[in-house]
Amino acid sequence: QVQLVESGGGLVQAGGSLRLSCAASRSILSFNVMRWYRQAPGKQRDWVATLTRAGSTYYADSVKGRFTISMDNAKNTMSLQMNSLKPEDTAVYYCNGDIVSRFGSKTEYWGQGTQVTVSS
């Protein structure tokens, strides 16, 4: 069973930074695509950023220029560096990844989430 475990959340003042990590129970290169999502209280889960195995990155407009998604193959972790944080970034952040088998079937995995709170 593949597991994704997030860490690094916490309380930070507006303008501050946090670095979230997502540790995978198998090689991070097993994943075709990895993503970060977030869910604020009472709202739907929103996509934040994507990192493909080829190294392409994509960001939601709301975080572009402030957040950076990256991968550490040696540590089997994916990270989200969050700078210039705003109160509206407050949410539970989830790590997500897809593994496509050699037969073409896709399995999606989720972490349990880590809370990020940005105070004004």
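Modeller: A disulfide is a pair of cysteine sulfur atoms within 2.5 Å. Please keep in mind that the model is predicted.

Colleague: How many disulfides does the structure hold?

Modeller: A pair of cysteine sulfur atoms must lie within 2.5 Å to count. The sulfur atoms of Cys22 and Cys95 are 1.9 Å apart, and these residues form a disulfide. The number of disulfides in the structure is one.

Colleague: Which parts of the chain does the link of Cys22 and Cys95 tie together?

Modeller: Cys22 belongs to strand E3 (residues 18-24), and Cys95 belongs to strand E9 (residues 91-100). The pair therefore ties together parts that are 73 residues apart in sequence. The strands in question are E3 and E9.

Colleague: Is the link of Cys22 and Cys95 left-handed or right-handed, and are Cys22 and Cys95 buried or exposed?

Modeller: The angle about the S-S bond is -70°, and the link of Cys22 and Cys95 is left-handed. A residue counts as buried when its relative accessible area is under 20%. Cys22 and Cys95 are both buried.

Colleague: Which residues have the most contacts inside the largest nonpolar core?

Modeller: This core has 31 residues. The elements that give two or more residues to the core include E3, E8 and E9, as well as strand E4 (33-39) and strand E5 (45-52). The residues with the most contacts inside the core are Phe31, Trp36, Leu80, Met82 and Tyr93.

Colleague: Which strands are the edges of the open sheet of four strands?

Modeller: The order of this sheet is E1-E3-E8-E7, with antiparallel pairing. An edge strand pairs on one side only. The edge strands are E1 (4-7) and E7.

Colleague: How many bridges join E7 and E8?

Modeller: Within this pairing, Asp72 stands opposite Thr77 in E8. E7 and E8 pair in the antiparallel sense, and the number of bridges is six.

Colleague: What is the phi of Asn76 near, and where is Asn76 found?

Modeller: Asn76 is partly exposed, with a relative accessible area of 23%. Asn76 is found in the loop between strand E7 (67-72) and strand E8 (77-82). Its phi is positive in a residue other than glycine, and the value is near 55°.

Colleague: Where is Ser84 found?

Modeller: Ser84 also has a positive phi, near 50°, and is a residue other than glycine. At 41% relative accessibility, Ser84 is partly exposed. Ser84 is found in the loop between E8 and E9.

Notes: Residues are numbered from 1 along each chain as its sequence is written. This is a predicted model: local features need pLDDT of at least 70, side-chain atom pairs count only at pLDDT 80 or more; totals for chains, interfaces and linings use all residues. Side-chain values use heavy atoms; hydrogens and water are left out. Buried means under 20% relative accessible area, exposed over 50%, partly exposed in between (1.4 Å probe, protein chains only). A nonpolar core is a set of buried Ala, Val, Leu, Ile, Met, Phe, Trp, Tyr and Cys residues joined through side-chain atoms within 4.5 Å. Two strands pair if DSSP finds at least two bridges between them.
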